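Please have a look at the sequence and the model as they come up, and then I will talk you through them.

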Amino acid sequence: MQKKAVYKKLGKSIKSYRELRGLTQEKLADKINKNLSFLGKIEVAYSRPSFGTIIDIANALDISLKELFDFDEPSS
């Protein structure tokens, strides 16, 4: 899988879990201490987050990194 495809799938996964948790982009951005615009760009694969930011996102969504990178539809 190419890097671009991974970032697209990661962004979709973040968005799916965020919506599943009932969070807006603004609320999730606040939880991870990042700019709302930056989070939006991550979700559409325009920006590439650091591994630390990915960990922060997983923690804020109360999911494991494994769940975040399981690119099937979220189940929890």
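I will begin with the overall fold and then go through a few residues one after another.

Before that, a word on what we are looking at: this is a predicted model, in which local features need pLDDT of at least 70, side-chain atom pairs count only at pLDDT 80 or more, and totals for chains, interfaces and linings use all residues. Residues are numbered from 1 along each chain as its sequence is written, and side-chain values use heavy atoms, with hydrogens and water left out.

Let me start with the fold. The protein has five helices and zero strands, where helices (H or I, at least four residues) and strands (E, at least two) are DSSP runs numbered from the N terminus. Read from the N terminus on, the order of elements is therefore written α-α-α-α-α. The radius of gyration is 11 Å, close to the 11 Å that the globule rule gives for 76 residues, so the protein is as compact as a globular protein of that length; the radius is taken over C-alpha atoms, and the rule is 2.2 Å times the number of residues to the power 0.38. Along the principal axes, the C-alpha atoms fill a box of roughly 30 × 25 × 20 Å.

How much of the protein is buried? Buried residues make up 32% of the 76 residues, and here buried means under 20% relative accessible area, exposed means over 50%, and partly exposed lies in between, with a 1.4 Å probe and protein chains only. The protein exposes about 5000 Å², of which carbon and sulfur atoms supply 47%; these areas come from the Shrake-Rupley method with a 1.4 Å probe, and for residues only the protein chains shown count as cover.

Among contacts between residues at least 6 apart in sequence, 60% join residues at least 24 apart, a contact being heavy atoms within 4.5 Å. As for charge, the mean positions of the 14 positive and 10 negative charges are 8 Å apart. In that count Lys and Arg are positive and Asp and Glu negative, while His and the chain ends are not counted, and the place of a charge is taken as NZ of Lys, CZ of Arg, CG of Asp or CD of Glu.

Is R18 buried or exposed? R18 is buried, because its relative accessible area is 7%. Its side chain is joined to that of E43 by a polar contact of 2.7 Å; a polar contact is a pair of N or O atoms within 3.5 Å, where within protein one must be able to donate a hydrogen and the other to accept it, and residues adjacent in sequence count only if both atoms are side-chain atoms. Leaving aside neighbours within four places in sequence, R18 is in contact with L23, T24, Q25, L28, E43 and L61.

Next come L68 and A58. L68 is in helix 5 and counts as buried, at 0% relative accessibility, while A58 is in helix 4 and also counts as buried, at 1%. Beyond its neighbours within four places in sequence, L68 is in contact with L10, S13, I14, Y17, I54, A58 and I63. With the neighbours left aside in that way, A58 is in contact with I63, S64, L65 and L68.

Let us turn to the loops. Between helix 3 (36-43) and helix 4 (51-60) we find A45, whose phi is near 65°, a positive value in a residue other than glycine; A45 is partly exposed, with a relative accessible area of 23%. S47 has its place in the loop between helix 3 and helix 4, and S47 is buried, with a relative accessible area of 15%. Neighbours within four places aside, S47 is in contact with F38, K41 and I42.

The loop between helix 4 and helix 5 (65-69) holds D62, which has a positive phi of about 60° although it is not a glycine, and D62 is exposed, at 65% relative accessible area. S64 lies in the loop between helix 4 and helix 5 and is partly exposed, with a relative accessible area of 32%. S64 and S37 are 27 residues apart in sequence and 24 Å apart in space, C-alpha to C-alpha.
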